[in-house]
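Please read them with the sequence and the model open beside you.

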Amino acid sequence: MLKERIEEVTQMNELFYRGFEQLDVALMDSIWAHQEYVTCIHPGWSIRVGWPAVRDSWVVIFNNTFSMKFELTEVQVQVAADVAWVICTENITSRVGENEQNSQVVSTNIFERIGDEWKIIHHHGSPLME
């Protein structure tokens, strides 16, 4: 059972990054819990609380980004009952305008099992400074 849940969360985390890469707000709509308690902290941003504020943050990012590609490393997935978390390093190649940028972000994604589905309830990314 635990192995199956870890695989489910791993797949949802991959879907989250696919939506991120595709700059797809509709996909984000489908994988986030639409609750008042969801939270999101993008690198350099203040905390966004509640689904409308979190959704708006994705719209702003997607509207100001031409392309984004993720390679995840150091991925750790943990499940405890109906809560799961993924910790990873996002190796990001993005393009804003004519400029390509490479960056690394250490990220935590928290999921909650709601009914039969895992939904994201928190994303926090912090820039990795080396």
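1. I begin with R5, which is in contact with V79, A81, D82, R113 and W118 once its neighbours within four places in sequence are left aside; contact here means heavy atoms within 4.5 Å. R5 lies in helix α1, and R5 counts as buried because its relative accessibility is 16%, where buried means under 20% relative accessible area, exposed over 50%, and partly exposed in between (1.4 Å probe, protein chains only).

2. A word of caution about the source belongs here: this is a predicted model, in which local features need pLDDT of at least 70 and side-chain atom pairs count only at pLDDT 80 or more, while totals for chains, interfaces and linings use all residues. Residues are numbered from 1 along each chain as its sequence is written, and side-chain values use heavy atoms, with hydrogens and water left out.

3. The protein chain has three helices and six strands, and read along the sequence they follow the pattern α-α-β-β-α-β-β-β-β. The radius of gyration of the protein chain is 14 Å, close to the 14 Å that the globule rule gives for 130 residues, so the chain is as compact as a globular protein of that length. Helices (H or I, at least four residues) and strands (E, at least two) are DSSP runs, numbered from the N terminus, while the radius of gyration is taken over C-alpha atoms and the globule rule is 2.2 Å times the number of residues to the power 0.38.

4. How much of the chain is buried? Of the 130 residues in the protein chain, buried residues make up 40%. Among contacts between residues at least 6 apart in sequence, 48% join residues at least 24 apart.

5. The largest nonpolar core has 32 residues, and those with the most contacts inside it are F16, F20, I31, W32 and W58; such a core is a set of buried Ala, Val, Leu, Ile, Met, Phe, Trp, Tyr and Cys residues joined through side-chain atoms within 4.5 Å. Helix α1 gives the most to this core, with six residues. Not counting residues up to four places away in sequence, F20 touches M28, W58, I61, F62, M68, F70 and H123.

6. I31 has its place in helix α2 and is buried, with a relative accessible area of 2%. Beyond its neighbours within four places in sequence, I31 is in contact with M12, L15, F16, W118, K119 and I120. I31 and E117 are 86 residues apart in sequence, yet their C-alpha atoms are 9.0 Å apart in space.

7. Is C40 buried or exposed? C40, found in strand β1 (residues 39-41), counts as buried, because its relative accessibility is 0%. Leaving aside its neighbours within four places in sequence, its contacts include W32, V54, W58 and H123.

8. L72 lies in strand β3 (residues 67-80) and is partly exposed, with a relative accessible area of 26%. Leaving aside neighbours within four places in sequence, L72 is in contact with N13, Y17, C88, T89, E90 and N91. To return to the residue of my opening point, L72 and R5 are 67 residues apart in sequence and 20 Å apart in space, C-alpha to C-alpha.
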